[in-house]
Amino acid sequence: MILSSSCFWNTGPKRGTRDLPALMLALDRGGSCKGVVYRLPAEDHFGQLGRLMRREIDANPPTNVPRWIWVKTSDGPLRALAFVAAPDGKAYAGRLPLDQVAKTLARAAGHWGSSAQYLFRTVSMLEESGIRDRNVQDLVAQHIIMASTGGTQRS
């Protein structure tokens with residue numbers, strides 16, 4: 001699975017609206033990725049999983065679906081719950097051209113903030129964990145180019 005920068009549309013209220021949907025990152029098919037595995041605190045697993053499901057799954061049927069996957073850790077293999085893009089989901093965007101993704105992220109915003117904030121927060125969190133994701137870095141570079149040229153690419 002790879003971290004895809006253009007995996008599924010969010011029409012709100014999180015990072016986009018019906019008029020200007022956002023694009024959200026998710027695991028998609030093909031390749032592999034580096035990431036962070038979080039362990040739930042020992043208390044109230046049921047309640048914590050419920051909150052996690054409500055936050056991550058906001059459509060029926062969902063495009064971002066929970067799956068148990070195997071991950072490699074410094075302590076050995078571990079089963080982890082991940083949210084994976086469903087290609088047959090209504091909000092699935094697939095792999096869009098980088099400039100289209102950058103334009104979308106530059107404009108979309110919802111109750112949780114702008115898509116640009118989401119992108120830069122994602123990059124910051126990855127860097128704090130020592131992870132450099134080429135797809136996300138390319139997207140940031142494209143976003144900066146779009147901003148510096150007023151939304152048009154220079155040749």
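## Thr-104 and its surroundings

A polar atom of the Thr-104 side chain lies 2.9 Å from the backbone oxygen of Gln-100, a polar contact (a pair of N or O atoms within 3.5 Å; within protein, one must be able to donate a hydrogen and the other to accept it, and residues adjacent in sequence count only if both atoms are side-chain atoms). The model is predicted: local features need pLDDT of at least 70 and side-chain atom pairs count only at pLDDT 80 or more, whereas totals for chains, interfaces and linings use all residues. Residues are numbered from 1 along each chain as its sequence is written, and side-chain values use heavy atoms, with hydrogens and water left out.

Thr-104 belongs to helix α2 (residues 98-107); helices (H or I, at least four residues) and strands (E, at least two) are DSSP runs, numbered from the N terminus. Thr-104 counts as buried because its relative accessibility is 11% (buried is under 20% relative accessible area, exposed over 50%, partly exposed in between, with a 1.4 Å probe and protein chains only). Residues up to four places away in sequence aside, Thr-104 touches Trp-9, Pro-21, Ala-22 and Leu-23, contact being heavy atoms within 4.5 Å.

## The largest pocket

The largest pocket holds about 2,200 Å³ of space. A pocket is an open set of points on a 1 Å grid over the protein atoms alone, where a 1.4 Å probe fits, with protein on both sides within 12 Å along at least five of seven lines; lining residues have an atom within 4 Å of a point. Grid points are joined across faces, edges and corners, and a volume is the space filled by probe spheres set on the points.

Of the 47 lining residues, Val-36, Tyr-38, Arg-55, Glu-56 and Phe-83 are the closest to the centre of this pocket. Two or more lining residues come from each of β1 (2-10), β2 (22-28), α1 (45-56), β3 (64-73), β4 (76-85) and α3 (115-128), and α1 gives the largest share, 7 residues. The lining has 27 nonpolar, 9 polar and 11 charged residues, where Ala, Val, Leu, Ile, Met, Phe, Trp, Tyr, Cys and Pro count as nonpolar, Asp, Glu, Lys and Arg as charged, and the others, Gly among them, as polar.

## The second largest pocket

The volume of the second largest pocket is about 260 Å³. Its lining comprises 17 residues, with Trp-9, Thr-11, Asp-58, Ala-59 and Ala-91 nearest the centre. Strand β1 supplies the largest share, 3 residues. By class, the lining of the second largest pocket has 7 nonpolar, 6 polar and 4 charged residues.

## Asp-44

Asp-44 lies in the loop between β2 and α1. Its phi is near 55 degrees, a positive value in a residue other than glycine. Asp-44 is partly exposed, with a relative accessible area of 45%.
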